[in-house]
Amino acid sequence: HGLPGYTLEHAPGKLWRSRYDAERNLIVVNSGHRDFIWAARGKTLKLRYLSRLYAKEMVQKNFPVLPADQLLERLIELSLYTEENLR
């Protein structure tokens, strides 16, 4: 499917920050979540927030059977790689 795109869904009051829609190969970001609203104050902050959500969804999608501790290690790895390449 290649790398997914992302789209926004305004769902204020909901706890979810993002979710992966496999059928559309999209990461759906909750633009009504208070963290998104806070991060949207600045371009760099918003980009970092979106990259973290992207990393979360890609790790969950690509490593569905790993135990939580290993998932978290992969998340850190992908987050660091992404941040380094955003510069």
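Let me start with the salt bridges, taking a salt bridge to be a side-chain nitrogen of Lys or Arg within 4 Å of a carboxyl oxygen of Asp or Glu; by this rule the count comes to seven. Side chains of opposite charge can pair when their charged atoms come close. Before I go through some of them, please keep in mind that this is a predicted model, in which local features need pLDDT of at least 70 and side-chain atom pairs count only at pLDDT 80 or more, while totals for chains, interfaces and linings use all residues. Residues are numbered from 1 along each chain as its sequence is written, and side-chain values use heavy atoms, with hydrogens and water left out.

One of these salt bridges pairs Arg 48 with Glu 83, where the closest N and O atoms are 3.6 Å apart. Arg 48 sits in helix α2 (residues 43-62) and Glu 83 in helix α3 (residues 68-86), so the pair links distant parts of the chain, 35 residues apart. Helices here are DSSP runs of H or I with at least four residues, strands are runs of E with at least two, and both are numbered from the N terminus.

Glu 83 also meets Arg 52 in a salt bridge, at 3.6 Å from N to O. Because Arg 52 lies in helix α2 and Glu 83 in helix α3, this pair ties together parts that are 31 residues apart in sequence.

Let me turn to Glu 57 and Lys 56, whose side chains meet in a salt bridge at 3.0 Å, N to O. Glu 57 counts as buried, at 3% relative accessibility, and Lys 56 as partly exposed, at 28%. As for shared partners, salt bridges join Arg 48, Arg 52 and Glu 83 into one network.

That brings me to Ser 18, which is placed in strand β2 (residues 18-21) and is buried, with a relative accessible area of 6%. A polar contact is a pair of N or O atoms within 3.5 Å; within protein, one must be able to donate a hydrogen and the other to accept it, and residues adjacent in sequence count only if both atoms are side-chain atoms. The Ser 18 side chain makes such contacts with the side chain of Lys 56, at 3.1 Å, and with that of Glu 57, at 2.7 Å.

Conventions:
Buried < 20%, exposed > 50% of the residue type's maximum accessible area, 1.4 Å probe, protein only.
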